[in-house]
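Hi everyone, thanks for coming. Let me put the model up on the screen, and then we'll walk through it together.

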Amino acid sequence: MAEIPIRCRGVSVVLLRKAEAEIEVLLLRRNHTLVGEWCQIAGGIEDGEKAWETALREVKEETGLTCARLYSADICEQFYEVDRDAITMVPVFVGFVDWGAQVFLNEEHSEFRWTRLTTAFDMVPFAGQRHVLKHVEAEFVQREPVEHLLIWELHKF
């Protein structure tokens, strides 16, 4: 009996900024894979990297931003890839950046948008992304994140 392989070679980062009661999520419009679609930050894990280190690196590479705090979202994005005939599992992280931080996109993206989560639900193409965003809204926006999920904090290093 054949099996469908399960792969885990990348990470996903939902980046948030907060000022007073307003919280926004950063979406990026892709140039390469999924051309023209709005997505969160994502990227592949390099040799010797921990998944959370990949998350911090990808945020910096794709946006020029540095996370003030990085959390495990305590959820994985999962989807079937037809071209690989595999199920991909991607750990999700939640990063917080300062409100006024400037975004500098790399060549992988054509534009960015800070938006409310309710707007982001309509912008992302996949149900799995909407599921992740709803989870992030419930666990990181509507309530204080669980302290045990905190992985990295800028002022601690």
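**The pocket and the rings**

Let's start with the largest pocket, which holds about 860 Å³ of space. A quick note on terms: on a 1 Å grid over the protein atoms alone, a pocket is an open set of points where a 1.4 Å probe fits, with protein on both sides within 12 Å along at least five of seven lines, and lining residues have an atom within 4 Å of a point. The volume is the space filled by probe spheres set on the points, which are joined across faces, edges and corners.

Please keep in mind that this is a predicted model, where local features need pLDDT of at least 70 and side-chain atom pairs count only at pLDDT 80 or more, while totals for chains, interfaces and linings use all residues. Residues are numbered from 1 along each chain as its sequence is written, and side-chain values use heavy atoms, with hydrogens and water left out.

Now to the aromatic rings. Rings of Phe, Tyr and Trp (its six-membered ring) pair if their centres lie within 6.5 Å; planes under 30 degrees apart are stacked, over 60 edge-to-face, and the rest tilted. That rule gives two aromatic pairs. Tyr71 and Phe96 have ring centres 5.9 Å apart and planes at 80 degrees, so they are edge-to-face. Tyr71 is in strand β6 (residues 69-81) and Phe96 in strand β7 (residues 86-97), so this pair ties together parts 25 residues apart in sequence. Tyr71 and Phe140 are also edge-to-face, because their centres are 5.6 Å apart and their planes at 65 degrees. Phe140 belongs to helix α3 (residues 127-141), so here the parts tied together are 69 residues apart in sequence. Tyr71 and Phe140 are both buried, and so is Phe96; buried means under 20% relative accessible area, exposed over 50%, partly exposed in between (1.4 Å probe, protein chains only). Tyr71, Phe96 and Phe140 form one aromatic cluster.

Finally, what lies over the face of Phe96? Arg69 does, at 4.5 Å from the ring centre. A charge counts as over a ring if NZ of Lys or CZ of Arg is within 6 Å of the ring centre and within 35 degrees of the ring normal.

Key. Helices (H or I, at least four residues) and strands (E, at least two) are DSSP runs, numbered from the N terminus.
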